[in-house]
Amino acid sequence: MWFSFWRSRDRFTLDQLRYLTDHLMKIQVVDDFNKAFVIEALRSIAELMTYGDQHDSDFFEVFMEKQVMGEFIRILKISKSVIVSVQLLQTMSIMIQNLKSDRSIYYLFSNEHINNLITYSFDFRNEELLSYYMSFLRAISGKLNKDTISLLVKTEKEDIVAFPLYVEAIRFAFHEEGMIRTAVRALTLNIYHVGDVYINKYIASTPHGDYFLNQVKFFRERCVSLNGMVSPTTENQSTESTSIILSAVDEIEDNLYYLNDVVSAGIPDVGTLITDSILKLLTFPTLLPSLRIQVSDGKKFSSVTSLYLLCCILRILKIKDLANTVAAALICSIESFMPNCEATNGFKEDHVETHDKSHVNDEKPSGNLNSSSMIISIPSLSTSSSFQLSCSSASVLRDTLISYITSGNDMQVVGSLSLLATFLQTKELDESMLDALGILPQRKQHKKLLLKALVGNDTGEEQLFASENCTSNDGELNIYLQRLKDQYEVSCSYQDVGQSPRIHRFLVLDALISLFSRKNVSADTLWYGGWLLRQLLPYKETKFNPHHLQSLKDSFKECCSQLSEVQRGPWPDLLIQMICEEWRKCKRAIEASSPRKEPKSMLLPTKKSSSDILPIESSFAAGETMYERVQAFVLLHQLQIFSTGRSLPDHLPILPPTDFPEISRAKSAGLSIFGPKLGTEIKLVDSVPCRIAFERGKERHFNFLATSVGTSGWIILAEVLPQKPSYGNVRVVAPLAGCNPKIDDRFSRWLHLRIRPTTLLLSETAKNASIPKLKSKPTVDGRWTLAFKDDAACKSAFTMIHEEMDLQCSEVERRLKPLISEYT
């Protein structure tokens, strides 16, 4: 122990550093005999320099005196062992990361030693070596500032002509290994955020600027890959495919966050280059036309994938020109993107080839748009109201989004709502764009007109006080329509044919109102529509026309009718509690600043109903149906309040429970208001003796009793107490509701019961979470067969169950009556 302590202190000395460097200088070739010493020497030097940087500056004096950096390069050249190369790179990484002294960093970065290491011809077929090399480059980038970065570049007449750190790093930007790509991105961002004018000029110059174009191409390839994973009908997707999709989505979002970080660095022209590349390589030729082209094979983009990618791009990339250009394209009528749009859906498959040391294809975008390949015009009112999704006929993409809300499947509805919500929350988007899309919130619209009136704009004053606020597409809309023509070579004609944003707004509102009457979309999707409606029409400013009010009222009446059906279903004891909980959740959801569903949810499988797995009569399937109906009822009830301009209350008008009845089976049995508990003693009044076998060959004798208290009900099996024959101990308790009693057709003394779970365990699916999770196997109902002594006893038990179930359901109906009858 004392020897180890002495060694640990003696290691960190100047003599030890001199000893190691002197012996390294004597080595002429690294072979199997001295390889172990070289590796240990390199490792020890890293420790000594780190220690010296913190405790004694003389260590670095010796390091410079011995010209150790030069020795490192020499050792690398005389060694053919990968292990030595790995250790040397690790040594350099440790030293660079841990050295705090500016003087030490300046010395390491000077004299071209670092650049010589960066440009050394390592054998990168070895994955471990490549990993340490990237760690070495990343460590260098962590020490860069406006002073140190100048030591790593070569200049001629104040212009940078070589920057090995950057050039060598981006060679691996599209490596198949994700960790390598992550390291390159971290390194490049460290360089971009230095903010050096000359470095930025070098980075944006040809051919280095192609790196950003290649990043967009790489991103496009990830989008193509994702489209191949997403099934047109998500019912066909398995748990494994869902996991693969989530992994692909994460990578796509990481790519976009990286591009956004690049843009935020403020390098001149880079933001414009990225914007143009995304529009020309992906958005115009692929995503926008895919919104209205039916997918017939995996080569074409599905509308759902396109909707997700548009949401993702707009939500993550904070680029004003990008957001406004996409919005401008959506309000135009696009006749065709390619001469034959059915051929490739506007996408030319020039897949990116990636390998260890090469870029992706550096060629310029070959599919530049021209005036003959895309025609844009502002349609007339008649065309804007027809929702044509075919490729052959032109339609306004904005109206295509609306058509998805009114007639699309669940994924398309969520996708369209997500895209509109994304536009609504995009701060970079001009309000004139929102107005033209028909989603400018009423509060902002009023403020806009008020401002015009205050500054003396006659038009604004007339619009503010007019019965119909017919505004025009002003602001930056015309600018971006012109830019579509000039900058992106798109033939665009703007013809004002009397349309106003008010008409577009009513189209959106009509679509949302019609959504709430749809039966083939999930309640969770309806909540999403409720959130969007709440954003467009804030409280106390709400103006629904009579058609909207009647439509909402009709939908609510139908929901009330459906709710009345589930009151006598298998779960009446949980109905009131579920309504109260969902009321609070729905209120939070539609009043939240952002929707609770993330755009990626549209790509994932919708929750399969348990009725697809279990029989229709299963209590679990009935419970899920009740949950859907409760969610729809709660939303439409809140919309009824919302449509009158009132704020949503925190509590519902549900009647309180009645007092414990004096005359009831529960009272006669001596039960409390909380119901029976196992092991407690009860009176066996009205009970019926029976037999049941919970295990094969083990029949047991009980007294059967069905009872209810308020909205709760139970089936009780009690064991008679020998010393007190009129009393018994509660041995088994099961829910009364949903027991579905049935007397056996062949043996009239047998009574069959279905025993549902005590609670309805609904997993966190798309209904309660932003991202759907596949639910485990649902609970299966239990089955009891009770044998009574004769037919009369069996009939008595059967009647007792129905009487108590009627009392239980009647209490539920009584308490919910004010809630259901309030607007019906």
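These legends accompany several close-up views of a predicted model.

**View 1. Helices α6 and α9 pack side by side in a left-handed crossing.** Here α6 (residues 82-98) meets α9 (residues 127-141) at an angle of about 20 degrees, and their axes are 9 Å apart. Angles under 35 degrees count as roughly parallel, so α6 is roughly parallel to α9. On the α6 side, the contact is made by Val82, Ser85, Val86, Leu89, Gln90, Met92, Ser93, Ile96 and Gln97. Facing them from α9 are Glu128, Leu129, Tyr132, Tyr133, Ser135, Phe136, Ala139 and Ile140. Sorted by class, this contact holds 11 nonpolar, five polar and one charged residues.

**View 2. Phe63 and Phe72 form an edge-to-face pair.** This is one of 25 aromatic pairs found in a search of the whole structure. The ring centres of Phe63 and Phe72 lie 6.4 Å apart, with 70 degrees between the planes. Both Phe63 and Phe72 are buried.

**View 3. Tyr133 of helix α9 pairs with Phe172.** Tyr133 and Phe172 are also edge-to-face, at 6.4 Å centre to centre and 70 degrees between the planes. This pair links distant parts of the chain, 39 residues apart: Phe172 sits in the loop between α10 (164-170) and α11 (178-192). Buried means under 20% relative accessible area, so Tyr133 counts as buried at 1%, and Phe172 does too at 0%.

**View 4. Eight aromatic residues gather in one cluster.** Its members are Phe163, Tyr166, Phe174, Tyr192, Tyr202, Tyr211, Phe212 and Phe218.

How values were computed. Residues are numbered from 1 along each chain as its sequence is written. This is a predicted model: local features need pLDDT of at least 70, side-chain atom pairs count only at pLDDT 80 or more; totals for chains, interfaces and linings use all residues. Side-chain values use heavy atoms; hydrogens and water are left out. Axes are lines fitted to C-alpha atoms, for helices over the stretch in contact, and angles run from 0 to 180 degrees between N-to-C directions. Helices (H or I, at least four residues) and strands (E, at least two) are DSSP runs, numbered from the N terminus. Angles under 35 degrees count as roughly parallel, over 145 as roughly antiparallel, 65 to 115 as roughly perpendicular and the rest as oblique. A crossing is left-handed if the near helix is turned anticlockwise from the far one by less than a right angle, and right-handed if clockwise. Contact means heavy atoms within 4.5 Å. Ala, Val, Leu, Ile, Met, Phe, Trp, Tyr, Cys and Pro count as nonpolar, Asp, Glu, Lys and Arg as charged, and the others, Gly among them, as polar. Rings of Phe, Tyr and Trp (its six-membered ring) pair if their centres lie within 6.5 Å; planes under 30 degrees apart count as stacked, over 60 as edge-to-face and the rest as tilted. Buried means under 20% relative accessible area, exposed over 50%, partly exposed in between (1.4 Å probe, protein chains only).
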